[in-house]
Amino acid sequence: MSSSLQLASTAHRVATSATLEINERVLALRAEGRDVIHLGFGEASFPLLPALREALAKSATATAYGPVLGIAPLRQAIADYLGRERGIATTADRIAVGPGSKPLLYALVQLLEGDVLVPAPSWVSYAPQIVLAERRVVPVATDARDHHRVTPAALDAAVERATAEGANPRVLIVNSPSNPTGGMFAAADVEALADWARRRHVTVISDEIYAELAHGIVPHVSPARFYPEGTIVTAGLSKSFSAGGWRLGYAVFPAGEGGTALLSALRALASEIWSSAAMPVQEAAVSAFLPSDEVSTYVKRSARLHGHTAGRLFKGLTGLGIACPRPAGAFYLYPDFAPFRAELARVGVHGGLELARYLLEKHHIATLPGVAFGDAPEALRLRLAVSGLYEPGEALHVDLLKRTDAFASADPLDAAPLSLPLLERAVAAFGEVVRAFR
């Protein structure tokens, strides 16, 4: 039967984002009266900084279209911030602002030549964006026993395999701290990765959306510090400033002819798609990147609190015999239920997708399966987000953030346990899962 509406072939190859889908599923279950422990959606939900709230109110009348690449004060503030906080030397004219880092990442994949290397596992949206750009996804194998590090040897193997299959790997996307694992690159790993990319003439897209949420046990180091001529950095306000709904992201381009040409191409593409980021948000966002004790304290408190919560869940899981690399940043964990493979098989669970369904239906625990992040279907790994383990209430969140000032060690897991009832309930729920097998 013919139809007036015919979808493009790429429309059949992309599904709804797994993270957004699980969040909507949990909201629907809760509306039905189901009491669900929500570990499936990673959203920073601490109260917005008063300074940013006031700045947005003052900017409400900025209703005109802005420059495609962002307003000059914001681009300058971001450039100064990156030099001050991350050791990335850049200038305002090498920065593009957009409606979130997600569309900027998609635009970069559209504009750069070649197929794209992505670690397995990696964020759920990288692969679909690559598919939509009609490029090949080239997985780079990682090992849970090695905290899912991306090594030159693994990169070489991925390139050789892909080239033999007719692909042309020219771009590498990395994400540290990582979604889904919470892992981070050590400085030596970043330098080795940068040296590899330079030798192979590969462009690196460094997704640094969680950079400010390093827990304190591993410092964040950008590949742009070792490979400035070939690295594009993306980030935004959504995680460290708990402002996901503002949809404000930025990309930093290399100096030189190639970086200038890419930035010009992105400006042209953006002018035809999103025109400019929302002007009230841009004007308000300037205050997030200016030197400020209030802003710095807020970000550091957020990182410590997420690190404390993720660390305690890590201790709870490993104490139950569930394998899990310790997270070093962001608010994610990536446990492996392989030690219980035989027990899970007896209840019909043979892979990550079945495990996630089993936990939701039988134990009311919402998670995301590793397969959504490019992991093997048979792997029994899940992505857990701890950002939903704080009781609702702005005053309570503010109090928890302030309590992290008393942490005496750089390691937030060394601190006396904060009162986090939802976290304790999550650990108890996983305990019930394990006891059900014994």
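**Entry 1: conventions**

I take buried to mean under 20% relative accessible area, exposed to mean over 50%, and partly exposed to mean in between, with a 1.4 Å probe and protein chains only. Helices (H or I, at least four residues) and strands (E, at least two) are DSSP runs, numbered from the N terminus. I am working with a predicted model, in which local features need pLDDT of at least 70 and side-chain atom pairs count only at pLDDT 80 or more, while totals for chains, interfaces and linings use all residues. Residues are numbered from 1 along each chain as its sequence is written, and side-chain values use heavy atoms, with hydrogens and water left out.

**Entry 2: strand β12 and its partners**

I began with strand β12 (residues 382-385), where Leu382 and Leu384 point one way, Arg383 and Ala385 point the other way, and all are buried. For pairing I require that DSSP finds at least two bridges between two strands. On that basis β9 and β12 run antiparallel and are joined by 2 bridges, with Leu384 as the bridge partner of Leu333. Strand β11 (residues 368-369) is also joined to β12 by 2 bridges, again antiparallel, and here Pro369 has Leu382 as its bridge partner.

**Entry 3: the seven-strand sheet**

I then traced an open sheet of 7 strands, which has mixed pairing and the order β2-β8-β7-β6-β5-β3-β4. Its edge strands, each pairing on one side only, are β2 (95-98) and β4 (137-141). From one strand to the next, the twist averages 25 degrees. Within the sheet, strand β6 (residues 203-207) and strand β7 (residues 231-236) run parallel and are joined by 4 bridges, and Val204 stands opposite Thr231 in β7.

For helix packing I count contact as heavy atoms within 4.5 Å; axes are lines fitted to C-alpha atoms, for helices over the stretch in contact, and angles run from 0 to 180 degrees between N-to-C directions. Helix α4 (residues 101-111) lies across β2, β3 (115-120), β5 (169-175), β6, β7 and β8 (249-252), and runs at about 155 degrees to β7. Helix α6 lies across β3, β4 and β5, and runs at about 145 degrees to β4.

**Entry 4: nonpolar cores**

A nonpolar core is here a set of buried Ala, Val, Leu, Ile, Met, Phe, Trp, Tyr and Cys residues joined through side-chain atoms within 4.5 Å. The largest one has 85 residues, and those with the most contacts inside it are Leu74, Leu237, Phe289, Leu333 and Phe430. Helix α10 gives the most to this core, with 9 residues. Apart from it lies another core, of 35 residues, among them Ala107, Ala133, Ile232 and Ala251. I note as background that in soluble globular proteins nonpolar side chains tend to be buried together.

Gln282 lies in helix α9 (residues 279-289) and is buried, with a relative accessible area of 0%. With the sequence neighbours up to four places away again left out, Gln282 touches Gly70, Ile71, Leu74, Val97, Leu248, Ser276 and Ala277.

**Entry 5: salt bridges**

My criterion for a salt bridge is a side-chain nitrogen of Lys or Arg within 4 Å of a carboxyl oxygen of Asp or Glu, and by this rule the count comes to 18. Which residues are linked in a network of salt bridges? I found Arg86, Glu208 and Glu212 in one.

Asp156 forms a salt bridge with Arg200, with the closest N and O atoms 2.9 Å apart. This pair links distant parts of the chain, 44 residues apart, with Asp156 in helix α6 (residues 152-164) and Arg200 in helix α7 (residues 187-200). Arg200 is partly exposed, with a relative accessible area of 31%.

The side chains of Asp405 and Arg304 meet in a salt bridge at 3.0 Å, N to O. Here the two residues are 101 residues apart, Asp405 in the loop between α13 (394-403) and α14 (421-436) and Arg304 in helix α10 (residues 293-319). Asp405 counts as partly exposed at 44% relative accessibility, and Arg304 counts as partly exposed at 22%.

In the salt bridge of Arg326 with Asp411, the closest N and O atoms are 2.7 Å apart. Arg326 is in the loop between α10 and β9 (332-333), and Asp411 is in the loop between α13 and α14, 85 residues apart. Asp411 is buried, with a relative accessible area of 16%.
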